[in-house]
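Subject: Structure handover

Hello,

Here is the structure I promised to pass on. Please open it and keep it in view while you read my notes.

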Amino acid sequence: MFAAGRPHVAIPGPSVMPDAVLAAMHRPAPDIYDPALLGLMESLTADLRWLAGTAHEVAVYIANGHAVWEAALSNILAPGETALVLSTGHFAHGWADMARGLGIGIELQEFTGGAPADPGWLEERLRADSGGHIRAVLVCQTDTATGVRSDLAALRRAMDAAGHGALLAADCVASLGCEPFEMDAWGVDITLSASQKGLMTPPGLGLVWFGPRAAAARDRLDGVSRYWDWRPRARPDDGLWQYFDGTAPTHHLYGLRAALDLMRAEGRAAIWHRHAVLAQAIWAAVDAWGTAGGIRIEVPDRAARSHAVTAIHAGGDLGERLRLWTRDIAGLTLGVGLGRDPQSAWFRIGHMGHVNAQMILGTLATIEAGLQALNAPHGTGAIEAAAGVIARASTAAP
Ligand SMILES: *Cc1c(COP(=O)(O)O)cnc(C)c1O
């Protein structure tokens, strides 16, 4: 009815692609032996290190997020070895499943009710593992299904306090380029991400950063799947093909270059601040809706809320009805309630990457219109509250 015009897809990935990224990809196929491509790849790996806050190595795969789960595991664990998965939602289970498929033993600890992974629990568990059976701790910085963000630096401190030698592997697919992240300063051994969320580039590139302890774990393995082996990819000595074990995904590289140019120009601190303020605007609106009826954010503690995705419990089947209304009537696609029973009670807002204040205020006002049209019980003042967050942040001292 009112959906003509440019649609907005506010799902938690693939995220909105900047015009500069799309334009960079719109060109003929290059000669893959052109030395300029090698220079492009070197510039990308340098900026990917900058983004993740690491001086260590990065391997780039033609792959999605699921694939880098397998890539990372293949380089640090042999079949029969054990990893501990700290779960705050659906994606931890996916990673655990991937590990089981490789013959890795999994111990999975669930943190429920929108709570982050508990460093105190981790310290106790590792202290009890005096034989050092747990070789790696796997955790999502943000679980995209729940919007729970765990404190990776605190988890590392817990591991150190326990005096345990396990590696810390962090899935940052939903959070990198949105949330503060400091791989080296926080003591993260392996970081995973993919191109289509905070990195604003089409799906298809999987990224794995690894530090010296992870590199040593790779070197102790008898063999690593030829394709997933990160060593030749991170230290190619024989041309572009070695970065990818074959033909390079040239157009993705052009797109990623444009995305990283945008990120370099804005700066990490400014990117993180923009995401934080836009997230707070969303929380203010949901809090106002929740003053009447059952609408609420999954994560009670604001410190454990993602700045990139928000999972909202609407109740009944309101999540699904709202999603259909905003999509069909107003041109706004919201995320589904992933891994929920019933899924229809939930919806998610993706606010990662190429998003600004007008997009978020438009998203919230469209949801408000949907709630009114559907006669769903909700509190008033949501849009004023969200606008107030942005207005105040715009005048605050930097
Ligand atoms: C999106 C996502 C994945 C999976 O990525 P795909 O590219 O869909 O395979 C894994 N982990 C997290 C935290 C994600 O948000």
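Below are notes on the domains, then on the pockets.

This is a predicted model, in which local features need pLDDT of at least 70, side-chain atom pairs count only at pLDDT 80 or more, and totals for chains, interfaces and linings use all residues. Residues are numbered from 1 along each chain as its sequence is written, and side-chain values use heavy atoms, with hydrogens and water left out.

**Domains**

The domain assignment gives domain 1 (8-15 + 268-395) and domain 2 (31-264). Such bounds come from an automatic or database assignment. The C-alpha centres of the two domains lie 28 Å apart.

Now the interface. 26 residues of domain 1 are in contact with 29 residues of domain 2; contact means heavy atoms within 4.5 Å. The two domains bury about 2200 Å² between them, 58% of it on carbon and sulfur atoms. Buried area is the accessible area (1.4 Å probe) that two parts lose on being put together, summed over both. Arg268, Trp272 and Leu338 supply 28% of the area that domain 1 buries against domain 2, more than any other three residues.

The rule finds one salt bridge across this interface. A salt bridge here is a side-chain nitrogen of Lys or Arg within 4 Å of a carboxyl oxygen of Asp or Glu. The side chains of glutamate 182 and arginine 268 form a salt bridge, at 2.8 Å from N to O.

**Pockets**

A pocket is an open set of points on a 1 Å grid over the protein atoms alone, where a 1.4 Å probe fits, with protein on both sides within 12 Å along at least five of seven lines; lining residues have an atom within 4 Å of a point. A volume is the space filled by probe spheres set on the points.

The largest pocket holds about 390 Å³ of space. It has 17 lining residues, and Arg6, Pro7, His8, Val16 and Met359 are the closest to its centre. Strand S1 (8-10) and helix H14 (357-373) each give two or more residues to this lining. H14 gives the most, with five. Helices (H or I, at least four residues) and strands (E, at least two) are DSSP runs, numbered from the N terminus.

The second largest pocket has a volume of about 270 Å³. Its lining has 19 residues, with Pro12, His66, Phe91, Gln196 and Lys197 nearest the centre. Helix H3 (residues 65-76) gives the most to that lining, with three residues. Where does this second pocket lie? Domain 1 and domain 2 both give residues to its lining, so it lies between them.

Best wishes
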